[in-house]
Amino acid sequence: MAGSGLLVSVRRKSWAWASISFKPAAMLSSRRIERSPRRIPVFRRKTTLSFLNRPDLPNLAYKRLKGKTPGVIFIPGYLSTMNGTKAVAVEEFCKSLGHSYIRFDYAGCGSSDGNFQECTLGKWRKDVLSVIDDIAEGPQILVGSSMGGWLMLHAAIARPEKVVALIGIATAADTLVSQFNQLSFEAKKEVEVNGTWKIPSKYSEDGHYLFKYSFIKEAELHCLLHSPIPVKCPVRLLHGMKDDVIPWHTSMQVADRVISKDVDVILRKNGDHRMKEKEDIKLLVCTIDDLIDKLSTVT
């Protein structure tokens, strides 16, 4: 069917408010999940803007929904904020289930303090760990979008006792560095001399993303795909096959590198990089719901 997902592992679910059916073109497992529709209670709790004060680091803006565990934390992509379509949609879903949820802005982005020009991937990694350590309570499912998917892997490595599952959306692990390394020697030298690298993008108001050379070189310190990734929790990787920013093969590489045995890759045939269309959001919340059920059964 048009817009159907290509699943490495089949998942089928229906709810009172939405019916989702995915037909696989390929699969590694024929396991199928079937259960009675979940009744969605009506919650209208509101999240208010708060700030995490950090003495030696910029204060982080966040919104927190209190509730049951495992909680969910949304980690946004490059130049994205906590007010994006996916971040807000996941909050509404967690609210309907009564589970805790956190969305936040990186330092230098959105409502958080800090200078964007001084930010690095390593500093944003510290932001994610600050949210996990100082705001979140109990076990957490991390949902990382694009660059946020790269950072969620680092968070799972650094906090294995608290991160119990990962969901990556167009996970951009190592992609900035690998794309830069594919440039010719002359092109890389030009970027080094100019101090910036301009990448055309239809998702930017300026028509391009501008990366500082120092940002790219610092990001090299955080590459993961060169060796096994010590993540043992369940991992779900969602990716659009029409993604013209992060190749969907990147999710396959991540799946191959993580040492967890519980890994599913789900490809949306007509999905683009942002994965924010109605059917994409349904797939995302379906995946969150499955993991919550799985973790509840284990505990």
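Reader: In which strand is the place of Pro 70?

Author: Pro 70 belongs to strand S6, residues 68-75; strands are DSSP runs of E with at least two residues, helices are runs of H or I with at least four, and both are numbered from the N terminus. This is a predicted model, in which local features need pLDDT of at least 70 and side-chain atom pairs count only at pLDDT 80 or more, while totals for chains, interfaces and linings use all residues. Residues are numbered from 1 along each chain as its sequence is written, and side-chain values use heavy atoms, with hydrogens and water left out.

Reader: What makes the peptide bond from Thr 69 to Pro 70 cis?

Author: Its omega is near 5°. Most peptide bonds are trans, and most residues other than glycine have a negative phi.

Reader: Which phi does Ala 170 have, and where is Ala 170 found?

Author: Ala 170 has a positive phi of about 50° although it is not a glycine. The residue is found in the loop between strand S9 (163-169) and helix H4 (175-181). In that loop between S9 and H4 there is also Asp 174, whose phi is near 65°, a positive value in a residue other than glycine.

Reader: Why does Ala 170 count as buried?

Author: Buried means under 20% relative accessible area, exposed means over 50%, and partly exposed lies in between, with a 1.4 Å probe and protein chains only. Ala 170 has 0% relative accessibility and therefore counts as buried. Asp 174, at 8%, also counts as buried.

Reader: Why does helix H5 lie largely in the open?

Author: The helix covers residues 185-194, and of these 10 residues the number buried is 1, so H5 lies largely in the open. Just after H5, Gly 195 takes a positive phi of about 90°. Across the protein, buried residues make up 53% of the 299 residues.

Reader: Why is the pair of Tyr 78 and Trp 124 called edge-to-face?

Author: The structure holds 13 aromatic pairs. Rings of Phe, Tyr and Trp (its six-membered ring) pair if their centres lie within 6.5 Å; planes under 30 degrees apart count as stacked, over 60 as edge-to-face and the rest as tilted. The ring centres of Tyr 78 and Trp 124 are 6.1 Å apart and their planes stand at 65°, so the pair is edge-to-face. Tyr 78 lies in the loop between S6 and helix H1 (85-97) and Trp 124 in helix H2 (residues 121-134), so the pair ties together parts that are 46 residues apart in sequence. Both Tyr 78 and Trp 124 are buried. Ring pairs also link these two into a cluster with Phe 104, Tyr 106, Phe 116, Tyr 209, Phe 211 and Phe 215.

Reader: What makes His 239 buried, and which residues does His 239 touch?

Author: His 239, in strand S12 (residues 235-240), has a relative accessible area of 0%, and is therefore buried. Contact means heavy atoms within 4.5 Å. Not counting residues up to four places away in sequence, His 239 touches several residues, among them Ala 170, Thr 171, Trp 248 and Met 275. His 239 and Met 275 are 36 residues apart in sequence and 7.6 Å apart in space, C-alpha to C-alpha.

Reader: Why does Thr 287 count as buried?

Author: Thr 287 has a relative accessibility of 4%, and so it counts as buried. Thr 287 lies in helix H8 (residues 278-298). Leaving aside neighbours within four places in sequence, Thr 287 is in contact with Ile 167, Arg 236, Leu 238 and Ile 266.

Reader: How do you know that His 99 is buried, and what is His 99 in contact with?

Author: His 99 has a relative accessible area of 6% and is therefore buried. The residue is found in strand S7 (residues 99-104). Beyond neighbours within four places in sequence, the contacts of His 99 include Thr 69, Pro 70 and Ile 292.

Reader: How confident is the predictor, and what is the pLDDT over residues 8-43?

Author: On the pLDDT scale, the predictor's confidence in each residue from 0 to 100, the protein has a mean of 87, and 85% of its residues reach 70 or more. Over residues 8-43 the pLDDT is below 50, and this stretch has 77 contacts in the model beyond near neighbours in sequence. Where pLDDT is low, the predicted coordinates should not be read in detail.
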